Amino acid sequence: MSDARTLAQMGCVVPAFMTDAEAFAAVALAAVSCDGVFGREEAHALRRQLEFRYPYRERSEASMGELFDQLLSLLRQEGVDGLISKALPALSSFQQESALAVAAQLVHSDREVSKEEAAFLEDLACKLDLPSDRARIVIQAISALNRDSLLS
């Protein structure tokens with residue numbers, strides 16, 4: 001029998017490990033929290049990014065609330081860096097690339113990327129199990145997607 005358990009099984013904040021679903025949500029939460037401001041618009045963006053993805057689309061409202069309560073508790077205890085350091089080992093390279101794209105999308109959710117958010121994405125990209133040029137391309141593509149290029 002393994003001593004490692006998921007967040008939900010533990011009933012406490014510091015996990016032995018995270019599932020990939022917990023970890024993916026943790027990266028998304030870190031992205032919207034990295035500047036110290038977790039506003040209503042960012043909360044809605046976080047929900048929109050996850051609600052149609054597997055396995056979140058199959059979870060109840062209560063289950064999602066429990067997941068985020070636990071992740072927020074871990075965030076308060078360990079900070080953004082601690083949350084990320086617990087999350088990344090649970091994600092494959094493919095999942096890390098998607099998590100980076102979602103994180104980049106989320107930092108753009110309020111249409112403004114702060115210095116803290118840009119630094120977060122840069123730091124996250126360095127920690128991923130991806131070639132650095134691949135991580136840079138993902139961040140640049142999401143930035144281009146969110147650019148209001150018709151605004152003069």
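Okay, K127 to start: at 39% relative accessibility, K127 counts as partly exposed. Keep in mind that this is a predicted model. K127 makes a salt bridge with D81, and the closest N and O atoms there are 3.7 Å apart. K127 is in helix α6, residues 115-127, and D81 is in helix α4, so this pair ties together parts that lie 46 residues apart in sequence. D81 is partly exposed as well, with a relative accessible area of 49%.

Next, R134 and E97. Their side chains meet in a salt bridge, 2.3 Å from N to O. This pair also links distant parts of the chain, with R134 in helix α7, residues 132-146, and E97 in helix α5, 37 residues apart. Which of the two is buried, and which is partly exposed? E97 is the buried one, at a relative accessible area of 17%, while R134, at 37% relative accessibility, counts as partly exposed.

Then there's E78 with K86, a salt bridge whose closest N and O atoms are 3.8 Å apart. E78 counts as partly exposed at 32% relative accessibility, and K86 does too, at 23%. For the whole structure the salt bridge count is 7. R47, E51 and E61 are linked in a network of them.

The largest pocket has a volume of about 350 Å³. It has 14 lining residues, and R47, E61, M64, G65 and F68 are the closest to its centre. So which helices supply at least two residues of that lining? α3, residues 40-51, and α4, residues 61-87, each do, and α3 gives the largest share, with 5 residues. By class, you get 7 nonpolar, 2 polar and 5 charged in that lining.

The second largest pocket holds about 190 Å³ of space. Its lining includes D20, F24, R53, Y54, F94 and S98. Here α2, residues 20-33, and α5, residues 93-107, are the elements that give two or more residues.

Now for a charged residue without a partner. E42 sits in helix α3. E42 is buried yet has no salt bridge, and the nearest side chain of opposite charge, R111, is 10 Å away. The cut-off for a salt bridge is 4 Å between nitrogen and carboxyl oxygen. What does E42 touch, then, leaving aside neighbours within four places in sequence? E42 is in contact with V32, D35, V37, S109, D110 and E117.

S33, in helix α2, is another buried one, at 12% relative accessibility. Not counting residues up to four places away, S33 touches F38, L75 and V80.

One more residue, F17, in the loop between α1, residues 7-10, and α2. At 36% relative accessibility, F17 counts as partly exposed. The C-alpha atoms of F17 and A90 are separated by 7.3 Å, though the two are 73 residues apart along the chain.

Okay, zooming out to the overall fold. The protein chain has 7 helices and 0 strands. Of its 152 residues, 41% count as buried. And if you take contacts with a separation of 6 or more, residues 24 or more positions apart account for 71% of them.

Key. Residues are numbered from 1 along each chain as its sequence is written. This is a predicted model: local features need pLDDT of at least 70, side-chain atom pairs count only at pLDDT 80 or more; totals for chains, interfaces and linings use all residues. Side-chain values use heavy atoms; hydrogens and water are left out. On a 1 Å grid over the protein atoms alone, a cavity is a set of points where a 1.4 Å probe fits but cannot get out, and a pocket is an open set with protein on both sides within 12 Å along at least five of seven lines; lining residues have an atom within 4 Å of a point. Grid points are joined across faces, edges and corners, and a volume is the space filled by probe spheres set on the points. Helices (H or I, at least four residues) and strands (E, at least two) are DSSP runs, numbered from the N terminus. Ala, Val, Leu, Ile, Met, Phe, Trp, Tyr, Cys and Pro count as nonpolar, Asp, Glu, Lys and Arg as charged, and the others, Gly among them, as polar. Buried means under 20% relative accessible area, exposed over 50%, partly exposed in between (1.4 Å probe, protein chains only). Lys and Arg count as positive and Asp and Glu as negative; His and the chain ends are not counted. Contact means heavy atoms within 4.5 Å.
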